[in-house]
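Notebook open, structure loaded. Today I am going through the salt bridges and what surrounds them.

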Amino acid sequence: MAVGVLALQGSFNEHIAALKRVGVKGVEIRKPEQLQSVTALIIPGGESTTMAKLAEYHNLFPALRDFVKMGNPVWGTCAGLIFLADKAIGQKLGGQELIGGLNCTVHRNFFGSQIQSFEAEISVPEIVAKEGGPPSFRGVFIRAPGILEVGPEVQVLAEISAPSHTSTKSDSAPESLEENAGSEKKVIVAVKQGNLLATAFHPELTADTRWHSYFLKMVNETSQEASTSTSLLPSEDLILSEKPKYDLPII
């Protein structure tokens, strides 16, 4: 198995190293045609505006959108989350192009500037159920985005308390999303929707490889589903070998 890692800018080397630790080869992706050699993709953290400009320069957006629409597993971390979102707010003047596919609204740099980066223990029951290990994960948040709202088909995998200087409400978010667990404000930081996985933090910057293992399970499940679908189709040899049957009158 080989997993592609978008290698335009950001922490793509760290993702490749993490994949190596779990026994999988990471392939650097910089051109549209290179996506044809992989069946899964990781979009790393980095400077989202810079990554978007480089992706546009290399004409990657059409190929990336097709890759997502084809049902291939894609995981976005930090800037990668912004790329996958259907809607992003708090962007720089002029905005940036998105891949889309993930039914959510994200706020770019939700947690503040570089000097407001932090680490936090995150409760990850879904990861623990699938991968075992301790009940929490040490999340590294570097100028991190926050997920303000999600569609009904999106599974929330993790959320944390929002800093006091932030707002957990987007322009279109209902009041019920602004506060959770009483008066404590929460913000979503990890989600899954079908073939898409997204985290606002950087698992590749830790020694804990459970998120990478979780994503690889998604890849294997997708491959198995594709194989099953193919096996259910009648083979060409079988179709050609079948002779037509006629109901002849009995004389």
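Started with Arg210: I find this residue buried, at a relative accessible area of 7% (buried is under 20%, exposed over 50%, partly exposed in between, with a 1.4 Å probe and protein chains only). Its salt-bridge partner is Asp208, with the closest N and O atoms 2.9 Å apart. I count a salt bridge when a side-chain nitrogen of Lys or Arg comes within 4 Å of a carboxyl oxygen of Asp or Glu. Asp208 itself is partly exposed, at 23% relative accessibility.

Before going on, a note on what I am looking at. This is a predicted model, where local features need pLDDT of at least 70 and side-chain atom pairs count only at pLDDT 80 or more, while totals for chains, interfaces and linings use all residues. Residues are numbered from 1 along each chain as its sequence is written, and side-chain values use heavy atoms, with hydrogens and water left out.

How many salt bridges does the rule give? I get eight.

Next I looked up Arg138 and Glu121. They form a salt bridge, and their closest N and O atoms sit 3.4 Å apart. Arg138 belongs to strand S8 (residues 136-141) and Glu121 to strand S7 (residues 118-123), so this pair ties together parts 17 residues apart in sequence. Helices here are DSSP runs of H or I with at least four residues, strands are runs of E with at least two, and both are numbered from the N terminus. Both ends are partly exposed: Arg138 has 37% relative accessibility, and Glu121 has 46%.

Then I checked Lys217, whose side chain meets that of Glu131 in a salt bridge at 3.1 Å, N to O. Lys217 lies in helix H6 (residues 210-231) and Glu131 in helix H5 (residues 125-131), so the parts tied together here are 86 residues apart in sequence. I have Lys217 as partly exposed at 35%, and Glu131 as partly exposed at 21%.

I count seven helices and twelve strands. There are 251 residues, and 45% of them count as buried. Among contacts (heavy atoms within 4.5 Å) with a separation of 6 or more, 69% are between residues 24 or more positions apart.
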